[in-house]
Amino acid sequence: MSGRRERTHPRYETGGAGKRIFDMLVAATGLIFMFPLLAATALLVRLTSPGPILFWSARDNGCGGTFAMPKFRTMRTGSPLHPREQLANAASSMTAPGQLLRQTSLDELPQLIPVLTGRMSLIGPRPLLPSDPAVHERLRLASGKLSRPGLTGLAQISGRNNLTPRRKARYDQFYTDHWSWSLDMWILWRTVKVVVSRAGVL
C-alpha cells in the first residue's frame, strides 16, 4: 500500500454535479440488475481458489493520494502487485477463471461500488497503481484540471494495456482538458465494442 494519505475531499472539476448524479444513477442501477451476475462471479472465484473473493489495492486518485479499489480476484494469493503489462509470467499466477474474468472485464464490475460512493466515475482516467510509470507522466502533463478516476476511459478504448505510460497519460489529459457529454457517451459506446472484442487485454 502507498504511504500517501488519501485526501478526504479531493476537488474534481470534470462534469460537475451532473456527471456525479449520472454516475450514481447508473452505478446503483447496474449493481441492482447485475446482482445475479456479480453473485455468480463471486461464487466462481470462491470455489476455484483459496483466498478472498475481492482483491483491494491502493490506487492513485489523481490529486495526491490513494483510495482502495476492488476487483474480483484473478491472481493467486501472494502474487506480486504490478501493472499487468509489467508482470512477467502473469498467466502462471492466475486462478483458473482469472483469464476469462479479465478478458470479459467481469473482474472490474465491483468498481461500481466506488463509483456509487464517489471515489470513482464511470468515465475518467483509469486509477493506476502508485508504482505505475504513467502516474509520473500524468503529473508531468497536468494542466490543473482534475478528473475523477474512471471505470473506463479514453486510454482504455485506445489500446488499453498495449499503450506506453506516456501515451496513456496523454489520452487521460486530453479527456480532462476536453471533457463533454458527447465524449463520455462516445467512450461508453466504444467501451462496449472493446469489451466484446477483448482488445488490448493482458
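Helices here are DSSP runs of H or I with at least four residues, strands are runs of E with at least two, and both are numbered from the N terminus. This is a predicted model, in which local features need pLDDT of at least 70 and side-chain atom pairs count only at pLDDT 80 or more, while totals for chains, interfaces and linings use all residues. Residues are numbered from 1 along each chain as its sequence is written, and side-chain values use heavy atoms, with hydrogens and water left out.

Is glutamine 156 buried or exposed? With a relative accessible area of 16%, glutamine 156 is buried. The word buried stands for under 20% relative accessible area, exposed for over 50%, and partly exposed for what falls in between (1.4 Å probe, protein chains only). Leaving aside its neighbours within four places in sequence, glutamine 156 is in contact with Arg126 and Val194, where contact means heavy atoms within 4.5 Å. The loop between S4 and H7 also holds arginine 160, which counts as buried at 10% relative accessibility.

Now step back to the whole chain. The protein chain has 8 helices and 4 strands, and along the sequence they follow the pattern α-α-β-β-α-α-α-β-α-β-α-α. Of its 202 residues, 45% count as buried. Among contacts between residues at least 6 apart in sequence, 74% join residues at least 24 apart.

H1 and helix H2 (residues 35-48) pack at an angle of about 65 degrees, with their axes 4 Å apart. For such values, axes are lines fitted to C-alpha atoms, for helices over the stretch in contact, and angles run from 0 to 180 degrees between N-to-C directions. Gly30, Leu31, Ile32 and Phe33 in H1 meet Phe35, Pro36 and Leu38 in H2. By class, this contact of H1 with H2 has 6 nonpolar residues, 1 polar and no charged. In this scheme, Ala, Val, Leu, Ile, Met, Phe, Trp, Tyr, Cys and Pro count as nonpolar, Asp, Glu, Lys and Arg as charged, and the others, Gly among them, as polar.

Helix H2 also contains threonine 41, a residue that is buried, with a relative accessible area of 5%. Which residues does threonine 41 touch, not counting those up to four places away in sequence? They are Phe72, Leu101 and Leu106. The C-alpha atoms of threonine 41 and phenylalanine 72 are separated by 7.9 Å, although the two are 31 residues apart along the chain.

Another pair of helices is H6 (residues 133-141) and H7 (residues 165-177), which pack at an angle of about 45 degrees, with their axes 8 Å apart. That makes H6 oblique to H7; angles under 35 degrees count as roughly parallel, over 145 as roughly antiparallel, 65 to 115 as roughly perpendicular and the rest as oblique. The residues of H6 that meet H7 are Pro133, Ala134, Glu137, Arg138, Arg140 and Leu141, and their partners in H7 are Pro165, Arg166, Lys168, Ala169, Arg170, Asp172 and Gln173. The contact of H6 with H7 has 5 nonpolar, 1 polar and 7 charged residues.

The aromatic rings come next. The structure holds 2 aromatic pairs. Phenylalanine 22 and tryptophan 181 form one that is edge-to-face, at 5.7 Å centre to centre and 80 degrees between the planes. Rings of Phe, Tyr and Trp (its six-membered ring) pair if their centres lie within 6.5 Å; planes under 30 degrees apart count as stacked, over 60 as edge-to-face and the rest as tilted. Phenylalanine 22 lies in helix H1 (residues 16-33) and tryptophan 181 in helix H8 (residues 181-197), so the pair ties together parts that are 159 residues apart in sequence. The rings of tryptophan 179 and tryptophan 181 have centres 5.4 Å apart and planes at 65 degrees, so this pair is edge-to-face. Phe22, Trp179 and Trp181 form one aromatic cluster. Phenylalanine 22 counts as partly exposed at 24% relative accessibility, tryptophan 181 counts as partly exposed at 37%, and tryptophan 179 counts as partly exposed at 22%.
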